[in-house]
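Keep the viewer open as you read.

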Amino acid sequence: MTDLKEQLRADLTAAMKARDELRSATLRMVLTAVKTEEVAGKSARVLTDDEVVTVLGREAKKRREAAEAFDSGGRPDRAERERAEEAVIDTYLPEQLSDDELRELVAAAIAESGAQGPRGIGAAMKVLTPKTAGRAEGGRVSAEVRRQLAGDGATGS
């Protein structure tokens with residue numbers, strides 16, 4: 001078992017003993033998502049810590065989107081619960097990249113890949129994805145790559 005998954009289980013036990021309903025329900029949900037990911041595909045496997053972080057990021061994003069949907073649907077009580085669950089999940093995720101850090105990483109990836117113009121997005125993303133995994137949402141990364149490639153087609157030269 002991975003260290004992160006072990007930590008999640010230990011924290012679930014502690015939350016249950018402390019009768020912390022929100023934390024225990026959220027951790028159960030996250031561990032179920034991890035287990036589902038482990039048995040998905042042709043054969044069962046144990047996820048690495050990086051893969052567990054990916055699952056956690058996906059679960060946090062689901063909570064964020066659900067909170068927005070509940071807000072627009074006039075259900076602030078449910079939106080608040082989703083945000084609280086997201087906050088619990090966020091404690092297990094690596095610190096998110098700031099806008100400045102992301103800009104620097106994107107500029108370095110564009111230079112490294114030699115990407116130019118809109119057709120270079122894929123090449124830059126290929127270099128960036130492992131460096132930003134779990135630390136920045138994919139949409140945010142690709143938007144910055146597009147912005148930099150559109151702003152200066154010769155950035156990668």
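**A network of charges**

Glu 21, Glu 59, Lys 62, Arg 63, Arg 81 and Glu 85 are joined up in a network of salt bridges, where a salt bridge is a side-chain nitrogen of Lys or Arg within 4 Å of a carboxyl oxygen of Asp or Glu. Before going on, note that this is a predicted model, in which local features need pLDDT of at least 70 and side-chain atom pairs count only at pLDDT 80 or more, while totals for chains, interfaces and linings use all residues. Residues are numbered from 1 along each chain as its sequence is written, and side-chain values use heavy atoms, with hydrogens and water left out.

Side chains of opposite charge can pair when their charged atoms come close. An α-helix has 3.6 residues a turn, so residues three or four places apart point the same way. Helices here are DSSP runs (H or I, at least four residues; strands are E, at least two), numbered from the N terminus. Is Glu 85 buried or exposed? Glu 85 counts as buried, at 7% relative accessibility, whereas Arg 81 is partly exposed at 24%. The cut-offs are under 20% relative accessible area for buried and over 50% for exposed, with partly exposed in between (1.4 Å probe, protein chains only).

Arg 83 pairs with Asp 71, and their closest N and O atoms are 2.3 Å apart. Arg 83 sits in helix H4 (residues 76-90) and Asp 71 in helix H3 (residues 49-72), so this pair ties together parts that are 12 residues apart in sequence. Arg 83 is partly exposed, at 34%, and Asp 71 is also partly exposed, at 37%. Another salt bridge links Asp 77 and Arg 75, at 3.7 Å from N to O.

Now move along to helix H6 (residues 121-132). Its buried residues are Ile 121, Ala 124, Met 125, Val 127, Leu 128 and Thr 132. What do they pack against? Their partners are helix H5 (99-113) and helix H7 (138-151). Just after H6, Gly 134 takes a positive phi of about 75°.

Gly 134 turns up again at the largest pocket: together with Arg 135, Ala 136, Glu 137 and Gly 138, it lies nearest the centre, out of 24 lining residues. H3, H4, H6 and H7 each give two or more residues to that lining, and H3 gives the most, with 7. The pocket holds about 490 Å³ of space.

Finally, zoom out. The protein chain has 7 helices and 0 strands, and its C-alpha trace spans about 60 × 40 × 30 Å along its principal axes. Of the 157 residues, 35% are buried. Among contacts (heavy atoms within 4.5 Å) between residues at least 6 apart in sequence, 60% join residues at least 24 apart.

Note on methods: On a 1 Å grid over the protein atoms alone, a cavity is a set of points where a 1.4 Å probe fits but cannot get out, and a pocket is an open set with protein on both sides within 12 Å along at least five of seven lines; lining residues have an atom within 4 Å of a point. Grid points are joined across faces, edges and corners, and a volume is the space filled by probe spheres set on the points.
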